[in-house]
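Please look through the sequence and the structure below before reading on. The report then takes up the inside of the protein, its sheet and its charged pairs in turn.

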Amino acid sequence: MISQATQSAVRQCSSLSNTGKSIHAVASKGFNLQTDAYAQTRPSYPEALLNKVQEILPEKASVIDLAAGTGLMTKALVGKGFNVTAVEPVEGMRAKLVQVVPDVPCIEGTSWNIPVENESQDAIVVAQAFHWFDDVKTLQEMHRVLKPGGYGILAWNLESGDRSEWVAKLRNCYEAYDSAVPQFRKMKWRQIFDTEEAKSLFALPYASELFKHDYLVPKQDIWRRVLSKSYIASLDAPQQEALKVQVDAILEDVPTNDQHQVFYPHDTYLIYFAKK
């Protein structure tokens with residue numbers, strides 16, 4: 001149930017199309033097709049990262065989880081005692097999120113139209129998504145929503161090819177299909193923070209930290225993890241089948257423990273910046 005405080009923050013807004021912006025077609029299609037795979041195989045976020053977020057925000061802070069997906073970060077933020085409102089544009093993702101965190105308000109919205117009142121939030125967290133909407137309009141909307149001194153917080157989990165040969169091979173295999181879509185690894189999202197518009201809105205340069213986030217995962221889940229990537233989910237069936245043959249070949253010799261789990265190393269990136 002939406003709390004009275006949250007209801008007072010949520011504003012009546014017109015159609016999301018009034019921004020002139022639209023969700024990337026690959027993101028919309030791919031994430032709608034593979035919501036279950038996303039929810040079941042994507043990792044949460046390291047405790048050290050969440051502790052850092054606790055360190056920079058006030059206790060019981062009001063936080064928007066923007067582009068909240070299936071609620072992985074939402075659930076983690078609630079676990080740290082924050083008052084969280086999830087904002088997510090993709091219908092299938094919202095449906096899964098309300099199953100994962102049923103007590104959290106989940107609102108349809110985009111980075112260009114966040115349906116809450118001006119200066120109502122201590123932080124806006126964007127996990128695994130800012131590269132889809134790294135533009136001035138997004139930063140302007142974040143600035144509008146944040147309280148004075150509030151924080152924009154960005155996080156990404158990335159499979160660590162630097163620390164694992166099989167992960168490097170796996171990434172080379174599926175990243176061959178991502179040339180036409182925005183991705184964190186391409187680092188183009190950083191360019192917006194070099195603009196005069198960004199510097200007028202936020203105290204820059206941003207702070208950044210890197211965390212190791214390694215865990216065990218059932219070997220059979222690796223393909224479903226690959227399939228949860230929007231640009232892979234959007235491929236036609238023959239392309240997916242051909243890719244799966246390659247993935248299975250890479251995984252064949254990857255050692256497992258007695259529970260058929262593989263060691264899956266990740267690096268997690270944290271970026272944060274304060275509103276001027």
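## Around Phe133

If neighbours within four places in sequence are left aside, Phe133 is in contact (heavy atoms within 4.5 Å) with Leu66, Ala67, Ser111, Trp112, Val126 and Thr138. The model is a predicted one, in which local features need pLDDT of at least 70 and side-chain atom pairs count only at pLDDT 80 or more, while totals for chains, interfaces and linings use all residues. Residues are numbered from 1 along each chain as its sequence is written, and side-chain values use heavy atoms, with hydrogens and water left out.

## Nonpolar cores

Phe133 also belongs to the largest nonpolar core, which has 51 residues, and it is listed with Ile124, Phe130, Leu139 and Trp166 as having the most contacts inside that core. A nonpolar core is a set of buried Ala, Val, Leu, Ile, Met, Phe, Trp, Tyr and Cys residues joined through side-chain atoms within 4.5 Å; buried means under 20% relative accessible area, exposed means over 50%, and partly exposed lies in between, with a 1.4 Å probe and protein chains only. Helix H8 (residues 165–174) gives the most to this core, with 5 residues. Apart from it lies another core, of 26 residues, and Ile56, Ala61, Leu97 and Leu270 are among them.

## The chain and its sheet

The protein chain holds 12 helices and 9 strands, where helices (H or I, at least four residues) and strands (E, at least two) are DSSP runs, numbered from the N terminus. Of the 276 residues in the protein chain, 54% are buried. Among contacts between residues at least 6 apart in sequence, 79% join residues at least 24 apart.

Strand S2 (residues 83–87) runs parallel to S3 and is joined to it by 2 bridges, and the bridge partner of Ala86 in S3 is Cys106.

## Salt bridges

A search of the whole structure finds 16 salt bridges, each a side-chain nitrogen of Lys or Arg within 4 Å of a carboxyl oxygen of Asp or Glu. In one of them the side chains of Lys275 and Glu119 meet at 3.5 Å, N to O. This pair links distant parts of the chain, with Lys275 in strand S9 and Glu119 in the loop between S3 and S4, 156 residues apart. Lys275 is buried at a relative accessible area of 7%, whereas Glu119, at 44% relative accessibility, counts as partly exposed.

The side chains of Arg163 and Asp267 meet in another salt bridge, at 3.0 Å, N to O. Here Arg163 lies in the loop between S5 and H8 and Asp267 in strand S9, 104 residues apart. Arg163 counts as partly exposed, at 33% relative accessibility, while Asp267 is buried, with a relative accessible area of 12%. Elsewhere, salt bridges that share partners join Arg171, Glu175, Asp178 and Arg185 into one network.

Key. Pairing = 2+ DSSP bridges.
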